[in-house]
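Student: I would like to go through this structure and ask what stands behind each label.
Tutor: Then look at the sequence and the model, and begin with the ligand.

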Amino acid sequence: MSGERVLQGHGTGNDFVLLPDPDGTVWPADRLDDALVRRLCDRRAGLGGDGVLRLVRSRHVPDAAGVLGADLDAGEWFMDHRNADGSYAEMCGNGIRLYLHALLAEGLLDPAAAAAGVAVGTRGGLRRVGSAPGGGYRVDMGPARPFGHGSATIGGARFTGTAVSMGNPHLVCLTDVPVSGLDLTGTPAVDAGLFPEGVNVELVNVLPGGDPHARMRVVERGVGETRSCGTGACAAAHTVLAAAGRDAGTVTVDVPGGRLTVDVDPGGTVLGGPAVLVAEGTLTAEWLAG
Ligand SMILES: N[C@@H](CCC[C@H](N)C(=O)O)C(=O)O
């Protein structure tokens, strides 16, 4: 049997199907349609994942020029991200670390270049990501941009929070209710006027102690509850610091799938965390035929 090459991996438990397509010839958008993304992410009848990452050069992505403008040539590679329901997202903080890890594993990127850091195109703009000296990856996520206040009702409970853009939209709800006990199986009801494109909702406990430390759970737009969200951790870190009257600092964010660190200052946000490839292989012709 023959089929298309595929990888599977995760960053702090936020897992993805990765499709190598350097020249954009294997998975054009009309082939990788919403239905196929949903099948790939299906945890019983597919490979399973919170989303799909296509490893493709920016110049082969039709909408990349529109998104990146003059930056198109500065980012050779483009993280073509899809949520499990097939929708596109502007940015994915766990995904972009895994993306760099997969480029290295596939021999598409030189380790020295990764150590120096490379600019990767996303639908939210260019992001600089590099391998970290002590292991894992660090991503310059750009500044957190608060844009109002709202609420989310989920599992019968209502939480108020701060709307924060990390390129994609978040509602960060700081709460004293222990997040470990929350039922997050439903879809949060939110203010559609504040979030016309939908929103990722983070429920966050600030943990006691000297250094800023938070525990977070997240219900992602286009996915449902995931074990981690990198952009969500950055939005949460900004909100935790702001609640303490600070605009800079390092926040440790514990998620069900592990630990992320976020360095915040007024000019930007740097996300640090691991990336792991779990499997590589091919999609069978039988499965592809549906
Ligand atoms: N898990 C991601 C975010 C993925 C996109 C999100 N579901 C959205 O639609 O904005 C992360 O690690 O940032």
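Student: Which element gives the most to the shell around the ligand?
Tutor: Helix H3 (93-105) gives the most, with three residues. The elements are DSSP runs, helices being H or I of at least four residues and strands E of at least two, numbered from the N terminus. This is a predicted model, in which local features need pLDDT of at least 70, side-chain atom pairs count only at pLDDT 80 or more, and totals for chains, interfaces and linings use all residues. Residues are numbered from 1 along each chain as its sequence is written.

Student: What makes a residue part of the shell, and which residues come nearest to the ligand?
Tutor: A residue is near a molecule if its C-beta atom, placed from the backbone, lies within 6 Å of it. There are 17 residues around the ligand, and Ala89, Asn94, Asn168, Gly230 and Thr231 come nearest. Two elements give two or more residues to this shell, helix H3 and helix H5 (230-243). By class the shell has four nonpolar, eleven polar and two charged residues. Here Ala, Val, Leu, Ile, Met, Phe, Trp, Tyr, Cys and Pro count as nonpolar, Asp, Glu, Lys and Arg as charged, and the others, Gly among them, as polar.

Student: How do you know that the ligand lies between domain 1 and domain 2?
Tutor: Domain 1 (5-136 + 275-288) and domain 2 (145-271) both give residues to the shell, so the ligand lies between them. The bounds come from an automatic or database domain assignment. The C-alpha centres of domain 1 and domain 2 lie 24 Å apart.

Student: How many residues of domain 1 are in contact with domain 2?
Tutor: In domain 1, 18 residues are in contact with 20 residues of domain 2. Contact is set by C-beta atoms, placed from the backbone, that lie within 7 Å. On the side of domain 1 that touches domain 2, four residues are nonpolar, eleven polar and three charged.

Student: What makes a set of residues a nonpolar core, and how many residues has the largest one here?
Tutor: A nonpolar core is a set of buried Ala, Val, Leu, Ile, Met, Phe, Trp, Tyr and Cys residues joined through C-beta atoms within 7 Å. The largest has 75 residues, and those with the most contacts inside it include Tyr99, Met216 and Val253. H5 gives the most to this core, with seven residues. Domain 1 and domain 2 both contribute residues to this core, so the core lies between them. As for Val253, its contacts beyond four places in sequence are Ala214, Met216, Ala233, Ala236, Ala237, Leu260 and Val262.

Student: Why is Val172 called buried?
Tutor: A residue is buried if 20 or more other C-beta atoms lie within 10 Å of its own, exposed if 12 or fewer, and partly exposed in between, with C-beta atoms placed from the backbone. Val172 has 30 other C-beta atoms within 10 Å, so Val172 is buried. Val172 is found in strand S10 (residues 169-174). Its contacts, leaving aside neighbours within four places in sequence, include Gly161, Glu202 and Thr239.

Student: Is Gly155 buried or exposed, and what makes it so?
Tutor: Gly155 has 10 C-beta neighbours inside 10 Å and therefore counts as exposed. Gly155 is found in the loop between strand S8 (145-154) and strand S9 (157-165). Gly155 and Asp183 are 28 residues apart in sequence, and their C-alpha atoms are 5.7 Å apart in space.

Student: Why does Arg128 count as partly exposed?
Tutor: Arg128 has 19 C-beta neighbours inside 10 Å, so it falls in the partly exposed class. The place of Arg128 is in strand S6 (residues 125-131). Beyond four places in sequence, Arg128 touches Gly117, Ala119 and Asp140.

Student: How do you know that the buried residues of H1 are on the same side?
Tutor: The buried residues of helix H1 (residues 34-41) are Val37, Leu40 and Cys41. They cover an arc of only 90° around the axis, which puts them on the same side of H1. The arc is that of the directions from the helix axis to the C-beta atoms. These buried residues pack against strand S2 (14-20), strand S3 (51-57) and strand S4 (77-83).

Technical notes: Contact = placed C-beta atoms within 7 Å.
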